[in-house]
Amino acid sequence: MLIVILPDGSRREFDDGVSAYDVAAGISGGLARAAIAAEVDGELRDLCAPLAPAGTSPAAREVSVRLITKKDPEALGIMRHSAAHVMAQAVMRLHKGVGLAFGPTTATGFYYDFQLDKPLSEEDFPAIEAEMAKIVAADERFERMVVPRAKALEMCRELGQKLKVEHIETGLAAEETLSFYRQGEFLDLCRGKHIPSTGHIGKAFKLLSIAGAYWKGDASRDQLQRLYATAYFDKKELTDYLTQMEEAKRRDHRVLGKQLELFTISQTVGSGLILWLPKGAVIRQTLEDYLKVELRRRGYDAVYTPNIGKIELYQISGHFPYYSDSQFPPIDLSEREGLKPGEGERYLLKPMNCPHHIMIYKAKPRSYRDLPVRLAEFGTVYRFEQSGELNGMTRVRGFCQDDAHIFCTEEQVADEFRGCLEMTQTVLKSLGMNNYRVRLGFRDPNGDKYVGSPEVWDRAEASLKAVCESMNLPDMSIEAGEAAFYGPKADFVVTDCIGREWQLGTVQLDYNLPSKERFGLEYTGADNTPHQPVMIHRAPLGSMERFVGVLIEHFAGAFPLWLAPEQARVLTVSEKSEEYGREVEQKLKDAEFRVTGDYRGSKLGAKIREAQLGLIPYMLVVGEKDAAEGTVTVRDRLEGDIGAMPLAEAIAKLRAEVEAKTVRQVADGGAPPPIDRGTNNEY
Ligand SMILES: [Zn+2]
Ligand SMILES: [Zn+2]
């Protein structure tokens, strides 16, 4: 006898050996058809798996069961991963000798890595899609089977799947039993979970692209072909997603960055290292100037620190060796010092600014009266990203953080944390990024990468949660396992105007780096005894590179007036008004506008078109009449001709728009297609 507790608290009795499907069928036939998986005692399960496996169940047991239908957030990932199996099945029907690697989901779809001699191309997509449609129409059941390791090895050998054989022997060496899933003739080693049958995939799936990949991401291993695809439960959601992809292509910051001369990457300088061109530098500088004013207003002190530091510094902080894989290897001075490698001084390219700021805090004794100490720096840091992961400005190897560290007393934490969150909100608002959610990253209770005691972590997490709750932050979520290794954090995840999510600003609480085991930071309390301060790390934009990359895409290159590299252009109707045109240009420069003039003899229409294409917010057209009357005819890039006005009036109008940091170019992109936060099906 099994007692099933449903989410509404109701209890129902079932025989031993029933599955979640039987529970659904017991409620209604419609629910049985709609259910695709179940959460059993908090754990995701296949719909047809027994709720209490035979032999393990005591005479009477209680299980809580939540049935998952396509309306639940977990459903999309389960369906997409199942579609990856179907895609693999289709590819194997159409091609001989296909080796299977991995087929996980991504935030927007899924892929499968194949080992195949024949290179696949987009021309193969229609045939693969047609074959997938057949498998979906056949509504093949996904059957799970669990076998001992030895049997799993034998099965993969028989199937000729040598990558799976290797994976069982290496990556899965500790597993005693392994699971396989079969649909129709297709059999694959997989952890699961899957939908009950292929029919649940429906018709809204599409193959997207093909790329090279390596077995287990190792460039010295087998080269694989990665087939990307996506699937939705709803046809309209698929159409919306494909439209969004088109729109994303049009906004690609790598393309616009080149066209608009904002940044470049030179292979002679190095991959993932951004060279800011003059126009891009204007945007960055304007953002930095704006932030500097905010920082002064909020009581921060600016500091500067070097780009390298001794390895011992990062050993104390724990950045080395915890994260050595994501850092450039140490610079070893041993040979210079006439010593054997590793015996002399070793330096690291700075992976984080925090240890340097900590040493500034430690440069003199601190009293409780000095706290909070807020140290800010636009600090450049270096991380070693795999070359395959690099992407324009958004995934780089060197980047400048709008960083700051706050050292405060335990009593000040809530106010300081709130101040950081408020600053981030102010900054995002001034950039027209009003659509964001706040994600609280807490530790994974089972993880072992964290420094500091569980009591310290509990205190940090409780304090952060209380502050965020008191602020009524939009769409706040708590995610276990998303914390930094030194403390919990709040990340701002911004949705851009075409519905894509970007993790930008971050505020992180840290009880660990100041601790005795790390830097042993102190201040003298009112009681005249030493106390340990709390640290807050925060970066409202995250990194200048990534943020500007996202901004380029958010605005599709058309920056609001206060950020635009070229804010206005003077256009002459004919050569006769060149002198007046130059006078107008100078007056705007005197008023601190970024302005140029086009005094060529070409037709006005052509000059306007060029300025429009250059995404210049305002054009000031001047003719002989304007010269006589001291006026300019203002053309707004978005609204067209807005008429003639005295020059002083035009300047005042532009100045008001800059001062208000008005954002006019972002249209409401409508509801974004659903995002799957990812599932992990792979062994
Ligand atoms: Zn699977
Ligand atoms: Zn930091």
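Q: What handedness does the crossing of α3 and α4 have in this predicted model?
A: Right-handed: that is how α3 passes α4. The helices are α3 (residues 73-94) and α4 (residues 125-137). Their axes cross at roughly 115 degrees and come within 9 Å.

Q: Which residues make the contact?
A: From α3 come Val86, Met87, Gln89, Ala90, Val91, Arg93 and Leu94. From α4 come Ala127, Ile128, Glu131, Met132, Ile135 and Val136. Residues count as in contact if their C-beta atoms lie within 7 Å.

Q: How many residues of each class are in the contact of α3 with α4?
A: There are 10 nonpolar residues, one polar and two charged.

Q: Why is leucine 615 called partly exposed?
A: Leucine 615 has 19 other C-beta atoms within 10 Å. Buried needs 20 or more, and exposed needs 12 or fewer. Leucine 615 falls in between, so it is partly exposed. Its phi is near 60 degrees, a positive value in a residue other than glycine. The residue sits in the loop between α17 (604-613) and β30 (618-622).

Q: What makes lysine 661 buried, exposed or partly exposed?
A: Lysine 661 has 15 C-beta neighbours inside 10 Å. The cut-offs are 20 or more for buried and 12 or fewer for exposed. Lysine 661 therefore counts as partly exposed. Its phi is also positive, about 50 degrees, although it is not a glycine. Lysine 661 lies in the segment after α19 (647-659).

Q: What is omega for the cis peptide bond that joins phenylalanine 320 and proline 321?
A: Omega is about 5 degrees. Proline 321 lies in helix α11 (residues 319-322).

Terms used
Residues are numbered from 1 along each chain as its sequence is written. Chains are lettered from A and ligands numbered from 1 in the order in which they are written. This is a predicted model: local features need pLDDT of at least 70, side-chain atom pairs count only at pLDDT 80 or more; totals for chains, interfaces and linings use all residues. Axes are lines fitted to C-alpha atoms, for helices over the stretch in contact, and angles run from 0 to 180 degrees between N-to-C directions. Helices (H or I, at least four residues) and strands (E, at least two) are DSSP runs, numbered from the N terminus. A crossing is left-handed if the near helix is turned anticlockwise from the far one by less than a right angle, and right-handed if clockwise. Two residues are in contact if their C-beta atoms, placed from the backbone, lie within 7 Å. Ala, Val, Leu, Ile, Met, Phe, Trp, Tyr, Cys and Pro count as nonpolar, Asp, Glu, Lys and Arg as charged, and the others, Gly among them, as polar.
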